[in-house]
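Me: Please take a close look at the metal site of this model and at the elements around it. I would like one connected account, with the cut-offs behind each term.

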Amino acid sequence: MRMFNTFTRRVEELKLGKTVKIYVCGITAYDYSHIGHARTAVFFDTLRRFLEFKGHEVIYVQNFTDVDDKIVRRAVEEGKTQKEIAERFIAEYFKDMEALNVRRADYHPKVTDHIPDIISAIQKLIEKGYAYEVDGNVYFHVPAFKRYGELSGMSLEELNMHRIEPDPRKKDVKDFALWKSAKEEDVKAKAVFESPWGLGRPGWHIECSVMSAKYLGVPFDIHGGGRDLVFPHHENERAQSYALFGVEPVRYWIHNDFVTIRGEKMSKSLGNIVPIRTAVEKYGGEVLRLFLLTAHYRSPLDYSERALETAKKSYDSLKNSLILLDMEIAYLKTFGEKRSPANVSVDEFFDGFVRALEDDMNTPKALAVLHEFSRFVNKNVYSMSLNELEHCFDTFRKLCWILGIFEKYERIPVLSEDDAELIKEREVARKERNFEKADAIRNKFRERGIQLIDTPEGTRWRTV
Ligand SMILES: [Zn+2]
């Protein structure tokens with residue numbers, strides 16, 4: 001399978017073993033997560049599913065940043081501790097992910113559970129000459145790491161310009177914090193930890209170097225995240241890990257693009273965010289998930305009511321095909337009706353779908369193939385044999401599983417002989433224009449949660 005590696009700036013063949021180790025940067029838990037976060041989570045969840053479908057064992061790690069300036073600020077504002085704020089929004093994040101069918105990672109490490117690991121990593125960086133302490137703060141010294149800038153591809157001039165807050169304590173303008181000495185706010189929010197440099201807390205980037213190495217070892221296969229993390233977060237993370245372990249820490253850096261709204265990046269600072277749950281309440285989690293897969297992961301995706309309505313239609317038509325297949329299977333099984341094979345094959349859809357994802361996770365292409373499959377189903381459902389229908393249903397569902405939709409789909413029941421008899425009686429009643437009797441039978445089924453559907457091919461049913 002081929003994917004775009006941010007580090008090499010080209011699409012390359014992924015060389016993966018049986019086990020694939022993935023680390024994806026998670027949220028900073030200080031507020032509800034928005035659609036931009038959902039895009040990253042859904043994309044990497046889909047990649048994980050696809051790799052599993054291809055027979056890999058995936059070890060998936062996604063961290064939570066549970067101590068940080070924004071968390072501390074909110075804690076102080078609300079008179080709470082950093083831990084209370086972080087725990088609250090981590091729980092909310094999991095609720096959102098459940099609605100989107102994003103599976104839990106194998107590990108969800110939190111910064112505050114790894115303070116001793118982080119301290120010992122910082123000590124090692126100081127010993128190796130990559131970091132230094134000033135007044136209880138520890139900085140990574142960027143000029144000590146000659147390969148800095150290679151991931152983001154930024155030149156020295158660009159890097160030098162990029163520093164927002166000049167800090168006279170830093171030896172170089174590019175140096176960044178590994179450990180920050182405690183401020184009054186931090187103490188108030190109980191966001192401080194003992195260290196050889198006094199009370200303080202870790203800088204943002206070091207957590208991912210430490211936790212990825214702890215759970216996956218170095219090097220590991222795939223490091224993911226949103227495009228905005230390439231610089232400085234991932235550039236710094238790579239520098240720290242390389243300095244610590246002496247090897248390139250990540251085989252493939254993979255980044256997804258933004259969600260935009262009227263062409264602008266969705267972000268808290270621009271004030272144009274849509275929380276995940278707002279969209280979930282309005283359209284449903286699976287529709288939102290499908291929407292997030294309608295654009296290629298390296299293209300921006302514009303969120304609008306219209307785009308979501310379109311995704312809803314797409315979702316409904318796929319679901320309709322799944323139900324059509326299931327209804328026909330339940331019908332043939334209930335009535336024991338034999339049908340000769342239509343000699344049709346769905347291999348082209350299966351292969352086309354897989355090929356699209358193997359080609360740099362082209363989800364829009366895969367979705368287009370799935371819709372062709374859906375049209376094929378609608379056209380052929382009444383002519384396929386039971387075996388063909390079951391194969392078709394399983395294939396369709398497997399592909400949908402990779403995309404993470406129809407997970408909670410419940411199969412349509414095969415009915416008893418008595419029920420089959422009732423359905424036949426009703427068909428006779430209808431022919432005799434005895435609608436009263438026909439309706440009475442229909443209502444009987446309805447009371448049991450079964451909706452009878454009259455098709456040109458006879459009666460079918462589904463659960464309601
Ligand atoms: Zn990270």
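What follows goes from the metal site to the strand and helix beside it, and then to the chain as a whole.

Reply: This is a predicted model, in which local features need pLDDT of at least 70 and side-chain atom pairs count only at pLDDT 80 or more, while totals for chains, interfaces and linings use all residues. Residues are numbered from 1 along each chain as its sequence is written, and side-chain values use heavy atoms, with hydrogens and water left out.

The zinc ion has as its protein donors Cys25 (SG), Cys208 (SG) and His233 (NE2), at 2.0 to 2.2 Å; donors here are N, O and S atoms within 2.8 Å of the metal (3.2 Å for Na, K and Ca), and since water is not among the atoms, sites may look incomplete. Along the chain these donors follow the spacing C-x182-C-x24-H. Cys25 sits in the loop between β3 (19–24) and α1 (35–53), whereas His233 belongs to helix α8 (residues 230–245), so the pair ties together parts that are 208 residues apart in sequence. Helices (H or I, at least four residues) and strands (E, at least two) are DSSP runs, numbered from the N terminus. Cys25 and His233 are both buried, that is, under 20% relative accessible area, where exposed is over 50% and partly exposed in between (1.4 Å probe, protein chains only).

β3 pairs with two strands, a pairing being counted if DSSP finds at least two bridges between them. With strand β4 (residues 57–62) the pairing is parallel and runs over six bridges, and Thr19 has Glu57 as its bridge partner there. The path from β3 through α1 to β4 is a right-handed β-α-β crossover, meaning that, with the strands pointing away from the viewer, the path from the first strand over the helix to the second runs clockwise. With strand β9 (residues 220–226), β3 runs parallel and is joined by three bridges, Val24 having Gly224 as its bridge partner.

Of the 19 residues of α1, 16 are buried, so this helix is largely enclosed by the rest of the structure. Its end C-alpha atoms are 26 Å apart, which agrees with the 27 Å that its 19 residues should span at 1.5 Å a residue, the expected span being 1.5 Å times one less than the number of residues. After α1 comes Gly55, whose phi is positive, near 100 degrees.

As for the whole chain, its secondary structure comes to 16 helices and 15 strands, and buried residues make up 53% of its 464 residues.
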